[in-house]
Amino acid sequence: MRLHRLRITAFGPFAEPQEIDFDALSGAGIFLLHGPTGAGKTSVLDAVCYALYGSVPGARQAPGTSLRSDHAAGDTPTEVTLELTAGGRRLEITRRPEQDRPKKRGTGTTKDKAQSWLREYDREYDREGAGDGGGERWRALSRSHQEIGEEIEQLLGMSREQFCQVVLLPQGEFARFLRADEAARGRLLGRLFDTRRFAAVETLLGERRRTAEAKVRAGDEQVLHTAQRLAQAAGDSADLRAWPLPRHQPGDPGLAEAIRAWAAVARSCARERLTVAEYALAAVEGRHAAARRAAEEARELDRLQRRHAETTRRAALLAEAAPERERVRALLDRARRGALVAPALELRGAAAGAHMAAAHAETVARAVLPPQYAEAGTEQLATLEQGLRGDLGALGAARRAEQRSAEIRRERAHLERESRAAEEQQQEAAEWLGRWDDARAALAGRVDAAQQAATLAEQLAGKLEPARLHLHAAERRDAFEADAERARGELLTAREESTAAREHWLELKETRLRGIAAELAEALVAGEPCAVCGAAEHPAPARPAPGHVDSAAEDAAHARFEQAEERRAEVERRLAAARQARTEAAAAAGGATTAELRALASDLSTRHAAAHTAAAGLHAARERLDRAEREHAVRSADRLEAEVRAAGRATRREALDQEQASLETELAQVRGDAPSVAARAEVLEDRVRMVTSASAALRRAETTAARLKEADGQLADAAFKAGFDTVEEAADAVLPEYQRTGLQHRMDAWQAEEAMLADRRGEQDTAAAAALPPADPEAAGAYADRAAAKLRSAGSAVDASRVRCAELDRLSQQAERELRALGPLRQAYERVARLAGLTAGTSADNERKMRLEAYVLAARLEQVAAAATVRLLRMSGGRYTLVHSDAKASGRGRSGLGLHVVDAWTGSERDTATLSGGETFFASLALALGLADVVTDEAGGMRLDTLFIDEGFGSLDDQALDEVLDVLDSLRERDRSVGIVSHVADLRTRVQAQLEIVKQRGGSVVRHRTAAGTG
């Protein structure tokens, strides 16, 4: 892959279109990318990555971050175009992120979706099209994000993470890789070499192991559950107490045989208990039948004796009630004769009540009549009523005239109210129209002020967000500065502790070496040769001197030294991270102090809030002005219409006055001395009602008197026919229906009792039972109940024994089936568990505890170490060599991804975490270049003709810098060009081809510096 040209527009710090010619920069093999902090050096690399993969590296792609330049004009779209050669094809990729742009119509912005274009250079154009005018130089391939991403990843053979790790070589990442533990190295190598298939194999075997284990455990639990049910079915037989439920765990091979033996004994004991229970049931059944017959005979004798006693008692009571029976019979006979007179009595009582009420009503009605009519008859009252109704009918026309007069008065009052209201409205409208010019000017002024505030709010909003971002960055810069200061203090303490621990360890080691003879003498055995001199006699073995140091004390001191070194390294890493974060935050904050930025942000925020509050009333001010103008037009029209309505009301009042005068003259003749026609009509209506009521009352009194006389005659005839001498005697004989019914029921009961006693006196068995001794049914019943309880207990025991035998047979068969099915499952589990443990590094057969993925990555790391050593030897003057270590990790740690450095000057091998700053840069750069070679080969031999190295050169002296540049210059042997991203000033004199990023107030710009000149 070779980069040719990059065009950036409105991206990151670049507001105006910038073009970078990588072909011109790559001519010298090495080119320098430099510029001040925050100018946009990393943004150039971000643009390359974004053009290829549609996203930028690391945290710069986090949600909420924008790729668009804050300096760019609103109508300038953010766009990145990259021209490159990959897989023998020359391609052009253009990408635009999702972004806001001004609307083409109206105000505000609209959102444009992300867009991508992929074109390929048509080489046939140069051979065919250029000569005859046909063809296009660039041929469009796709505008789909997904298709372009798949095409680029297939051509490069790398994902975005691999590209950022291999092509954009981040030195800080590889420095951390050198100091990281094996787990962190495994995660990085796993992303680069894509060993997910091996991890998938581990996961698959682990899942199969867990599935098989779950099946075996479920089978074991099912077998134990069946055994528990067998124990429950067996009960508490004395023969089974020596055979308790087997206390085995799931997976125990002896579980099956123990359950089978125990089930056989349980079934045998259950059958013996069934036989015994059946013999006991047969004996109890005979005793229960005899007891039941005796109880039934005692109950029958007791019933007959009690029946005879009850008959004798009731016969005596019936004889005592004979006088009362005669009295009741006489009352019933007299009541039956009185019932014949009852209807005539009721009829006479009703007639007397009606006559009394009618007579009272007549008296009341005559009392309200005029004196001259107090003794008038029915015909006179009818004649008077007819005359009054004639006078009342003559008042109908006068009543209508009176109603019309009232309507005229109401209409005049309504016209007066309308006139007064119209005058008030006209006066108010005139005052409002007089104030119209001043009010309209004030409302228009409010609209203009709100419009100006809205414009100011938009301007301040564009300045407020950058100010807040700078303030946030400044606050993070100060926080990281404080973190770095604390880390520097902790680092000084950690270094002192590490130095003291190392000196203590070396002192103990030297002391132990001086007294090593005594330590060796402790292992001497009489008659056996000495391991040092070979002699079999030991006449004077050395003895430990006071304060002797053994190996345990030395190991403990060495362990404390290693712990102190680990703490020091951890603090160094935190200090480096804090410095890096502070540098990034300072670049984002600019040169202003936090107080200045906070004051600026506060001022902008206050002004923006005030302007936004003022602008918020723009819509309301416009609506008030519109409402006022509409009201002015309505009020002007209403004033003209009110004048027309006032003239119509005056004409109507004159007509109503004339009609009112005519009606009053007519009514004065009809009313007479009454205040109104209605009052005159009310007087006549009252008189009509009094005459009508009196006439009706007189007729009702005459009618009820005739009915009363007729009822008296009928009552006398009915009493004589029923055998009574007087009407009063007949009335006394009448009884209510409920009394007659009660007396009849008593007579019927006596007769029924007499008949029942006659039947019982004829029973022979009751008399014979009465002659026998008294029966005792309770004792016989209790004895039968006890026999029945024993029978039920015996039957239950037989049923329980039969159920127990059947259940034990069924559960024994079920347990046998489950045990047979469990065998293949246990074999499959053992097989897959061995494979899963071996690939996961937990098996005893895997001595180094290496997972399958770690084993594959260890081979890749060995290749990377070999490729890195070639360059590390040159950069370190032949001193250092990187070697891969698969030594077994201490404790429970995994092995396989260790990385050591061999120092040729001392011949010692040590961990890469112990390298100094400059040595770490050597090793990490060599590791990065070696990893690039190996990943390139892993990707199928794809050529990586353009590489970028980001920072790390500041830790080198002049000689080391020359050696590193020689190594980088040697990359041209593989036709590669290397871009160095650095602040080191000395590189500007050593590297001729340069790309300078110049930071300006309106956005950064790029400048090319090559041996041919500056552009």
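The axes of helix α8 (residues 196-234) and helix α22 (residues 777-840) come within 8 Å and cross at roughly 160°. The model is predicted: local features require pLDDT of at least 70, side-chain atom pairs count only at pLDDT 80 or more, and totals for chains, interfaces and linings use all residues. Residues are numbered from 1 along each chain as its sequence is written, and side-chain values use heavy atoms, with hydrogens and water left out. Helices (H or I, at least four residues) and strands (E, at least two) are DSSP runs, numbered from the N terminus.

**Helix packing**
- Axes are lines fitted to C-alpha atoms, for helices over the stretch in contact, and angles run from 0 to 180 degrees between N-to-C directions.
- Helices α8 and α22 are therefore roughly antiparallel (angle over 145 degrees).
- The α8/α22 crossing is left-handed (the near helix is turned anticlockwise from the far one by less than a right angle; clockwise is right-handed).
- Helix α8 also packs with helix α23 (residues 852-875), at an angle of about 160° and with the axes 8 Å apart.
- This pair, α8 and α23, is therefore roughly antiparallel as well, and its crossing is right-handed.
- Phe198, Ala199, Val201 and Glu202 of α8 make the contact with Leu852, Glu853 and Val856 of α23 (contact: heavy atoms within 4.5 Å).

**Sheet**
- Six strands form an open sheet in the order β2-β1-β4-β5-β8-β9, with antiparallel pairing (two strands pair if DSSP finds at least two bridges between them).
- The edge strands, each pairing on one side only, are β2 (18-21) and β9 (138-142).
- From one strand to the next, the twist averages 20°.
- Helix α4 (residues 145-156) packs on the sheet and touches β4 (79-86), β5 (89-96), β8 (115-121) and β9; the direction of α4 makes about 140° with that of β5.
- Strand β1 (residues 2-9) pairs with β2 in the antiparallel sense over four bridges, and leucine 6 stands opposite isoleucine 20 in β2.

**Nonpolar cores**
- A nonpolar core is a set of buried (under 20% relative accessible area, 1.4 Å probe, protein chains only) Ala, Val, Leu, Ile, Met, Phe, Trp, Tyr and Cys residues joined through side-chain atoms within 4.5 Å.
- The largest core has 44 residues, of which Leu6, Phe22, Leu52, Leu84, Leu156 and Phe163 touch the most other members.
- Helix α2 (residues 41-53) gives the most to this core, with nine residues.
- Leaving aside neighbours within four places in sequence, phenylalanine 22 is in contact with Leu3, His4, Arg5, Leu6, Phe31, Val48 and Phe948.

Technical notes: Buried means under 20% relative accessible area, exposed over 50%, partly exposed in between (1.4 Å probe, protein chains only). Angles under 35 degrees count as roughly parallel, over 145 as roughly antiparallel, 65 to 115 as roughly perpendicular and the rest as oblique.
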